[in-house]
Amino acid sequence: MHLVQLSASSAVRLAGAGAAQPASGVTSLAWLLVVLPLLGAAILLFGGRRTNRFGPALATVLSWASFGIGAVIFLAMLGRSADQRVEVLSLYSWIPAGGFQLEAGMLVDPLSMAFVLLVTFVGSLILVYSLAYMEHDPDRRRFFGFLNLFVASMLLLVLADSYLLLYVGWEGVGLASYLLIGFWNQIPANASAANKAFVANRVGDFGMSVAIMLMFATFGTVTFAGVDAGVAGANQGTLTAIGLLLLLGACSKSAQFPLQSWLGDAMAGPTPVSALIHAATMVTAGVYLVVRSHVIFEGTPTAQTFVVVAGAITLIFGAVVGCAKDDVKKVLAASTMSQIGYMMLAAGLGPVGYVFAIFHLLNHGFFKAGMFLGAGSVMHGMNDQVDMRRFGNLSGAMKITWFTFGIGWLSILGVPPFSGFFSKDKIIEAAFIGEGWRPWVFGGAALIGAAITAFYMSRLFFMTFQGEKRWPRDAHPHESPRRMTVPMIVLATGSAFLGLILGPTNAIASWLEPVTGRSPEGEPVIAVPVLMSLTLLLVAGGVALAWVQYWRDKVPVAAPAGSLLTRAARQDLYQDDVNEALLMRPGLHLTRSLVFFDSRGVDGAVGGLAALIGGTSARVRRVQNGFVRSYALTMLAGVVVILGAVWVVQ
Amino acid sequence: MSSFPWLTTIGLIPLVGALVVAFLPASLADRARQIALGFSLVALLFTVAAALQFNAGSSQQFQFSEQHPWIEQFGVSYAVGVDGIALVLIVMAAVLVPVCLLAAWHDVPDSGRRQQTYFALMLVLETFMIGVFAATDVFLFYVFFEAMLIPVYFLIGSYGGPRRQYAAVKFLLYSLLGGLVMLVAVIALYQAGPGGPQGFLVDKLTGITFDQNAGRLMFVGFFFAFAVKAPMWPVHTWLPDAATEAKPATAVLLVGVLDKVGTYGMIRFCLQMFPEASTWATPAIIVLAVVSVLYGALLAIGQTDIMRLIAYTSVSHFGFIVLGIFAMTSAGTAGSALYMVNHGFTTAALFLVAAMLIRRRGSKRIPDYGGWQRVTPVIAGVFLISGMSALALPGLNSFISEFLVLVGTFQRYQVAAALATVGIILAALYILLMYQRMMTGPKPDSAAGTPDMSHREKWVVAPLIAAFLVLGFYPKPVLDVINPAVSRTLQYVGVTDPAPAHPGTAAEGAVK
């Protein structure tokens, strides 16, 4: 009965959350998706040592249970017609405070379900992998507790029906990320990396918070449905402000320029964490946010342009950094940054891009998580070595790892018919649609990014698995146990076929249509077949160059000095130095001078009269010799005595 | 409504307890702590029983009212009663006192006169705290307001750290100065009011149109005392000294409860009795509040003493509370009232867990720690949760109140709200840097064999963590009680919430 077809001018707005209906059937169980892993986290973290024995297994089972419920809801949703797939589950009155009234509720629609399936499926696989990977860690109960906390928060993030509840999940994943980056914080560098991630995210939270306040001041509500409905009447300036503030939040969470510097350091966390949180799921939350807020962004071309620009800069930035790093995890981190740049770019393009942003996000979730797990498997077999210059020719010793990693590599390169091809190629096409300078600049960036990606990912693959052995003397690489290889095989299967299943069949586009609307047809400024050939040619070029340098030629064990650009890229293009010069050092000075000012200035001036008479030291002496004390006590006693006297006399 | 004198009873129970504990026969001296805890738990029980009977929908401003003439010549009555805001603060105080008593178990090592006095003073303080929130007579409020200083003075001055005398006197001087300025305003208020034998009743002093200048002067008199108490920048410097020199349990009651009298007083007296002056002073107060938020946070980042650091975080948090009060929107002021409760629990947890560490390490200096997550993992975990509450992590208690303050402020003062929001970044810095310095890094050899959290200590933190989670996910029971009190206050001031610029006409109403 709420099937109000919004007769908005653009077909894009046809669906959206406006057509939501109350949850019924299995959808009313959606709260269990969040509660089950949350329960696991509570049991493991508050249960203490008692839960050491069964905790990790329990955490894994609860995560799979969440996936099971997600799958059931998904199947039920598949069974309904497209216009009945957006449901809202009201939970309870969360914040009733005068003019600010907010219910906690869940928005169960095709977009959130896509994330639910990704998060619970990949998350559960990674929990299984961790059972083996973390087997000998004395604190593994805590590890699994944190991972469950992460899964619960991520599900809350994608299922929330309001910006404020989304923000709870948003910070929850940030907390889990902080805890897991710093999981081995007995090493000081890891503790610093964890802090950096949290603080960078808080900068984004500033944007999120103010955006939510601005929404409330403007629309009187912070639910997705309410805000979307108000957008049509709002003025450009306000929408642009909201859009840019949301983008600030998205950039911090998704490690986009200029808030990307924390992601490389975040690799301090255990590798399964890097796979799940810092590759497949959490870092893509910014893309989710932009797509979820598409109605706002469509109302403000300025903010949209900023989204595209942030994406374009980051996709090149990450790719360049990826070319120079020798630490296998840092290359993958840079690559994640770059790939999310693609998604961000697509999301900023508007209706032509949403579907491909989400499609690439799903594919990336599989191939990047798979490659991270592969990297973990290599580290597992190489005494936790991460320097690719000490790998080489591991294909023989670790056949399954090599093979599954290889599929991920082909997928990220965009080689048909692997998954990445179907989403990335479409993003490049979409970036070339438009008028004026935009398609050339943004399309060009996407195209060049593809070439660089081909180079650095091939460099990684060849340095690790091909060429000559450069192993340290004590290395005895061996294939990892079944509990690690099976998740890798499953993810590789997804990396191989997911794109083929969802792309050419148009399944993903029609699935997301109730949320994002139908993508308009558009012609790239370069004909599609030409563009596709050009892309593949550039990718082949990148691979060939990597082949020459890192397979055919000998790879030196010590890194060569490198060109100016290489050295800059090794230092993450000096982002840390910029942050330090612009923020940290001035901040430190400000804090120090304020501490001085507080004890001398404010305290002195306010504590005042005595100081004026006798100077600071004299004042302290006076206080301590009891003169002031007895005076003060006398005053207090006087007040009490007078009151008492009046009472007695009356 | 029953005519049972709930508030007087709740107030008297700790007082009786204090007398019992103070004059315990020598044979029972080693039971002093248990007896004190027992009395505070009985008081808590009565408080909960009263709270359950509170009717949020009542048309009366105050419930559980009692009124007896006291000094009729001067219009002074013994009048008590609570609205929703006072009620939740009394409940908070009643919860925190037993927690503090349990935390203070080993503060005075040997049983005897000194220990009995220590626990008796805390119980006396509880009586005064309940009295100050319950008073509905301005003069009675003033009496409790000043009387509170006495137990606190002795708790700091006799039981505190090495510089306790300096800290106690500084505390006393600041408070007395504020109090005396307020006393002048109190007397002037009686003169300007209707007078008569009940001339000090809040009811009688509400809704009067004072002479503009007189009203403003009286407002300033009250506000100054409350700003010192709260404490706001620039009259905050007594707090770090008092907090670090006092025993941690004293610091909790001081910062967590006593200081709330300042912000509570702003709502009850400044806004309610001087609406015109309140709106007149708002711009200046908003500026001071924002300065407090940022200044307190920056100072906290720069501290090397754990207790001082926590004290400065409170300066920042009180800035938020004042900001929300003077935003005068239903969301902002309700957020402030909720923040007062949340801050009590959060600060208690921070101080008390820090005290557990200080007891083990024997130092308040942050650089003396490092790697303690691997020495006392449970204490470290609880410390982190408390820290997360302090930085207002969504999902925990403080987030709701901080967000309400900000969103409510933003409705009127966008720049102030945005500036105060920078505080959330600074909060992450002061908490996480402290945690990093104290808890992370390699396990120190020197700390080998240090015991982790004891059973008693677990009972200290359990109610606080429970409060974090309940108030984070389900603040409705507290907000439902606060809301009517807030809207009544805003009615007195005569302000209404600004309407949204472009209301979302959503199907929202239909969905919900």
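Two residues are in contact when heavy atoms of one lie within 4.5 Å of heavy atoms of the other. In this predicted model, 84 residues of chain A are in contact with 91 residues of chain B.

The area buried between chain A and chain B is about 7200 Å². Carbon and sulfur atoms give 72% of that area. Polar contacts are also present between chain A and chain B, with a count of 15 residue pairs, both residues being at pLDDT 80 or more. For salt bridges between chain A and chain B, the count is zero.

Which parts of chain A form its side of this interface? Sorted by class, the side of chain A that touches chain B has 50 nonpolar, 23 polar and eleven charged residues.

One residue of chain A can be followed individually. T240(A) is placed in helix 8 (residues 236-253) of chain A. Is T240(A) buried or exposed? Its relative accessible area is 14%, and buried means under 20%, so T240(A) counts as buried. Leaving aside neighbours within four places in sequence, T240(A) is in contact with T300(A), T302(A) and A303(A).

Definitions and conventions: Residues numbered from 1 in each chain as written. Chains lettered and ligands numbered in written order. Predicted model: local features only at pLDDT ≥ 70, side-chain atom pairs only at ≥ 80, totals over all residues. Heavy atoms only, no water. Buried area = accessible area lost by both parts, 1.4 Å probe. Salt bridge = Lys/Arg side-chain N within 4 Å of Asp/Glu carboxyl O. Polar contact = N/O pair within 3.5 Å; in protein donor to acceptor, adjacent residues only side chain to side chain. Nonpolar A, V, L, I, M, F, W, Y, C, P; charged D, E, K, R; others polar. Helix = DSSP H or I, 4+ residues; strand = E, 2+ residues; numbered from the N terminus. Buried < 20%, exposed > 50% of the residue type's maximum accessible area, 1.4 Å probe, protein only.
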